[in-house]
Amino acid sequence: MAWFLVRRTAQMFFVILCVVTLVFILLRAASGDPARLMNAADASDEVIEATRARLGLDEPVYVQYLYYLRNLLRGDMGQSFYGAYDVRDVVLAALPNTVALAVVTMLVSTVIALVLGIASALKRGSALDRAVQVYVAAAQATPNFWLAVLLVLVFAVQLGWLPAVDFTGPASFVLPVTTMAVALTPILIRTVRQSFIETLGEDYVRAARARGIPRRKVLLVHVLKVASLPLITLLGLQSAMVLAGSYVIEVIFNWPGIGKLAVDSLVSRNFPMVEGAVLVAAVAFVVINFVVDMTYSVLDPRIRLGAGT
Amino acid sequence: MSGGIVSDRTAASEAAGGDGVGLLQQLRQRKAGLVGLSGIAVLLIVAVAAPWLAPHDPASQDLGNVLLPPVWAGGELTYPFGTDAIGRDVLSRLIYGARSSVLISVCAMLLGGTLGVLTGLASGFYGRLVDTVLMRLGDIQLALPFILIAIVILGMMRDRSPIHLILVLGIPAWIVYARVVRSRVLSEREQAYVSAARSLGASNLRQMFRYVLPPASKVVPPIALIDLSHLVIMESTLSFLGFGLTSPSISWGQILADGRQNMIASPWLPVLPGLAIMLTVLTINLAVEGLRDDGTPRRRRRRSDRKAADADRAAAPARLPGREVSIDGGAGGDRDGDGDPRASADDVQGRDGDGDGDLGVRRNGGGGGQAQPLLAVEDLEVEFDTPTGVVEAVRGVSFTVERGRILGIVGESGSGKSVTSFAIMGLLGEQGHVTGGSITFDGTDLTRAPEAVMRGIRGPRIGMMFQNPVGSLNPVLTVGYQIVETLRVNRGMDRATARQVAEEAFGTVGFPDPRHVMRQYPFRLSGGQNQRVMIAMTMALGPDLLLADEPTTALDVTTQAEVIDQLLQVREEHGTGIVLISHDIGLIGEVADEVVVMYAGQVCERGPTETVLNDPGHPYTRALLGAVPQPGAPEAQLAAIPGELPSAQQPLVGCPFADRCDHVMEVCSRRDPALLPLAEDHDVACYLHHEPAAPEQVATR
C-alpha cells in the first residue's frame, strides 16, 4: 500500500510538471512577447527592452523556463498587468468559489444519480425507469449554456424566485448547480443503473441472501460497495467536465471563480492572470484525479493489493 | 471535455451491453438509428444549401421590423421565426448558423478521427516506444482542462476562421479514437491471417492497411458520432462565449448570445437557437443508438448465445438477463386458490426444535403413516419470464430428503437441478416463479411462506453452497467480515462473540490459522479454500438442510475429495440432511444415499443410489453412467450423450428424452411416460418398463 501511494504520488507530480510545461509553451507561443504586451502599443524600444530585462525575457527560452519553474516553486505567479495585484492572490481568492460550485454539483448529482439509478435498476421496465431514461436522453442533448440562459429566463426574470447572477448567498447556488447537474447526472445515472443491474446478477448477491442476510443489507452493503466503484471512477473522470463546465457557467452567472477570471483576463489580455488561472485549474484537475484514484483503491482491495487487473 | 468523451463512451457501451433486448426493442432501436442518420443527412443538406434555402440574407437588417415575434406568437409570414434586435430574419440566421455549427463540427470530427485512427494504428502495430510515447501523451492531454485551453488559444487570436476552429476542436479528439483503435489492433494483429501475411513478407505498411485497418475501423463510426455530438456542443459553447467565428460568420451559439441581450422582451430569441442545437445532438445520439445495435459484435454474440442455449439458461438463471434478488422470496405459488388445507404461513412462525410431531399433520410425497421427511418437494413447477418468452425450467419434480441423509440430484446442465434448489431457497429472482406444486420443509410450505418467514429459514435452517466458491463470496469484503455478518444477522451475536465463533468454524474446516484467513479477501484464497470458507460459513449457522449445488465442480481432484469429506463430516456431526446437486453421477454414486435423475426439468428416475446405479431403468441414466470416465479407459471412450435437451420454451409432447433415446418407441413421441414404481422405492418414467398408462395416471408425474 505504501509503495502504491509513493508510485501514484510520483506519477501525479510528473503529470503536474508536464502540465506546467505545456501551459508555459502554449502561452509563450500564443501570446508572443509579454514585454510588448505589457507596454502601450507605441512604447519605445528602450522601454520594451527594459521591461524585457526586468522580466528576464532577454535570456534564452530554457533559462526563462527554469526561472518560471523556480518562481512557481516559490509560489510566485507574477503580477497582473493591470493594478498592483499578485496573480497568486487573485487566483487563490477565486479558486474556492469554483471548488464550492463543483463540489456542490458533484454531491447533488451523486445523490440524484444513486437514487434514480438504483430505483430504476430495481424496477426495470417500470414507468419510473422509462421516465428516467427519457430524462437521461433529453438532459444529454441539452446544451449547458442554453439551459443556464433558460433557467435564468424562467426562474430569475419571469418568476423572480432566485437570484440570476452574482454570488449573494446559498440561493445563488441553485441555478448554476441545477444547470451543471443536468449535464452531469445522465451519465452517472446510466452508470449506477448499469453497474447495479450487473452486480445484482452476481453469484455472491444470491449467496449472501442464501446465508440469510436481509435484502436491504445485501443491497446497501454487498451490492452498493461493488456497484459504487465504477461511479467513483466516473466521478473522477467527470471532474474534468464539471470544472470545464463551470468555466462557462461562471461566465453566465457572473460567478467569481477561476473560469470567469480566465475568460475576463483573456478578454482584457491580462496574460499573467490567464496563465495563473489555467495553471491552477489544471493542477486542481490532476489532484482531483489522484484523490479519486486513491479512494477507488481503498474501496477495491483487488487494486489495493495488486490482484489481477 | 475529452475526459467527458471517454467516460461517456465507456458508460454508453456498458449500458448497451447489459440490458436484455427483445426483438421488438431491437427493431425500435434500428428505426431510431435510421431516423438519426437521415436527420444528420438533412442537417448536412441544410448546411450546404443554406444560401438557397434561407428566405433572407442573414445579415440584411430591416430596422422597421425589429424584434418581431415568430409566426405562432402572432408574427408575420415574411419572418416565420421573427426578427432580432436589428431586424434580421431569425430563420435565415439559424439556417446559416447550421452551416458553421454543423460543418465545422463534422470537419473537426474527420480531422480528429483520421489523426486518431492513424496514431492508434501506429501505436498498436509498432508497439514499444511508439506506443508508450503516444499513449503517455494521450494521458497527459486528458489531464488538461480542454475547454480552458481552447478558450485561451482562440482568445489570443484576433480573427478566427473556420480552419482555426476545426484545428482547435479536432486535434484534441485524436486520443479517443487512438485508444480504441489501438486496442482493436492489438487483438487483431495476432490473428492468423496477419501472421501469415507477415511470413509471406508483406511490408509493415501493407499489413497495416490491408489486414488490420478494416476490422479495426469497424469500431470507429459510433465513436465518431458521439464525438460529433460533443463537438457540436463545444463549438456552440465557444461561439456563445465569444470565442467562435468572428463576424460576419454566424453560428448558433453566437445567435444565442445575441438573443440573450433581449431575452426579456423576446424570449424566443435565445430559445430557438438552443432548440436547434439540442435537436442536432438528439439526432446524432439516435444515430449512435442505431449504430451501436448492429455494429457491436459483443451484443450480437450475446443474442445468438441466448438462442443457442435456452435450456442452459433455464437451469442457470444467473445468466438470465436481469436476474434480481427477489423481493418476496418464494411467494407466488397460489395456483391452487385458498382452499388448500396445507401449511399456511401463519402456523410456522419460527423453528420448533427438531421438527418432530410439530404443528398439524402434513401430507408428504411418500405416504401416510411414516415420519415426516425434512424436505418434501412435490410436483414442483418453475417458470422464467425471458425476453423471448416463458421458459419452463422445472416441470413437476417430486422428491424427499430425510434428516442425516444425502440425496443426490444428477443430470446434465439445463435439466433444472439448480433452479429446483433456488426455488427451495425462494431465490428465483424477479423473473422466476413457482407455478405449481409445493416445497414442504419441516412442515412449512416454502412456496407460500412470506419473506419474513423465509428470512428465518435461509441460512439458519437451510444452508446453500454454490458451484463457484470464489464468485459466491463478495470480492470487496474480507471473508471474516462476511462470516461475522452472517453470524450476527442470523444468530444475533455481538461482534466479539461472532468473531470467536467464526474463528472456531474456520478451524473446524481445517484452516491452520483462522485469524489470518479472516483478514483475507476471496481472491487471495484458492478455490478449495473459498469452498471451505463457504462450508464454514454455512455450517456455523447449524442448518438442518444443506443444498450443495455442484460444490466441487470448480475444484481440482484433490480438493474435491477434501470438500466431499467435509460434507460427510458435517452430516455425521450434525445430522444435517444434504441435497447434493451434480452432473457427475460418479460423485453422486460415492456419497449419496438416494438419487434423483433429472432430465429437461422432470424426474426420469429415482431410488436408492445402489439400486439406481447398479440397475438403471431409464435409458438416460444408463447414458449418464456410460459417460463416467472409467479408470484406465482412454479419454476418447468417454461416451458423450448425442443430441440436445429439448427447448424449455416449447410445451413438451411425449417423453423429453425420445429424440436421444436408443430404445425409442412409437408411443414415446406421443405421450409422456409417468414416473411409476419399478421395484420398491425405485421409480422410473419409461415405457420400457410399463405399458402406456391411462391419461389421468399420466398426469400424476
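Predicted model: local features only at pLDDT ≥ 70, side-chain atom pairs only at ≥ 80, totals over all residues.
How many residues lie between strand 1 and strand 2 of chain B in the hairpin that they form? Strand 1 (residues 375-386) of chain B pairs with strand 2 (residues 389-401) of chain B in the antiparallel sense, over 10 bridges. The two strands form a hairpin with 2 residues between them, which answers the opening question.

With strand 4 (residues 432-441) of chain B, strand 1 pairs in the antiparallel sense over 8 bridges. In strand 2 of chain B, the bridge partner of Val377(B) is Phe399(B); in strand 4 of chain B, the bridge partner of Val377(B) is Ile439(B).

The reader may next turn to another sheet of chain B. Here 8 strands form an open sheet in the order 6-7-8-3-9-10-12-11, with mixed pairing. Strand 6 (462-465) and strand 11 (676-679) of chain B are the edge strands, since each pairs on one side only. From one strand to the next, the twist averages 20°.

Strand 3 of chain B pairs in the parallel sense with strand 8 (residues 577-582) of chain B over 5 bridges. Two positions illustrate this pairing: Leu407(B) stands opposite Val579(B) in strand 8, and Ile409(B) stands opposite Ile581(B) in strand 8. The pairing of strand 3 with strand 9 (residues 594-599) of chain B is also in the parallel sense, over 4 bridges. There, Gly408(B) stands opposite Val595(B) in strand 9.

To what extent is strand 3 of chain B enclosed by the rest of the structure? A residue counts as buried when its relative accessible area is under 20%. In strand 3 (residues 406-410) of chain B, 5 of the 5 residues are buried, and the strand is therefore largely enclosed by the rest of the structure. In a regular strand, the side chains alternate between the two faces of the sheet. In strand 3 of chain B, Ile406(B), Gly408(B) and Val410(B) point one way, while Leu407(B) and Ile409(B) point the other way, and all are buried. A helix also meets this part of the sheet. Helix 22 (residues 557-574) of chain B lies across strand 3, strand 6, strand 7 (545-549) and strand 8 of chain B, and runs at about 160° to strand 8.

Chain B also contains helices that pack against one another. Helix 4 (residues 90-126) and helix 7 (residues 162-170) of chain B pack at an angle of about 45°, with their axes 8 Å apart. These two helices of chain B are therefore oblique to each other, and their crossing is right-handed. Helix 4 of chain B contributes Ile104(B), Cys107(B), Ala108(B), Leu111(B) and Gly112(B) to the contact, and helix 7 of chain B contributes Pro162(B), Leu165(B), Ile166(B), Leu167(B), Leu169(B) and Gly170(B). By class, this contact has 9 nonpolar, 2 polar and no charged residues.

The axes of helix 6 (residues 146-156) and helix 11 (residues 220-240) of chain B come within 11 Å and cross at roughly 50°. That angle makes helix 6 oblique to helix 11 of chain B, and the crossing is right-handed. The contact is made by Phe146(B), Ile147(B), Ile151(B) and Leu154(B) of helix 6 and by Met234(B), Thr237(B) and Leu238(B) of helix 11 of chain B. By class, it has 6 nonpolar, 1 polar and no charged residues.

Leaving aside neighbours within four places in sequence, Ala85(B) is in contact with Val66(B), Leu67(B) and Asn262(B). Ala85(B) and Ala554(B), by comparison, are 469 residues apart in sequence and 75 Å apart in space, C-alpha to C-alpha.

Chain A remains to be described. Chain A has 13 helices and 0 strands. Of its 309 residues, 51% are buried. Among contacts in chain A between residues at least 6 apart in sequence, 72% join residues at least 24 apart.

Methods
Residues numbered from 1 in each chain as written. Chains lettered and ligands numbered in written order. Heavy atoms only, no water. Axes fitted to C-alpha atoms, helices over the stretch in contact; angles between N-to-C directions. Parallel < 35°, antiparallel > 145°, perpendicular 65-115°, else oblique. Left-handed = near helix turned anticlockwise from the far one by under 90°. Contact = heavy atoms within 4.5 Å. Nonpolar A, V, L, I, M, F, W, Y, C, P; charged D, E, K, R; others polar. Buried < 20%, exposed > 50% of the residue type's maximum accessible area, 1.4 Å probe, protein only. Pairing = 2+ DSSP bridges.
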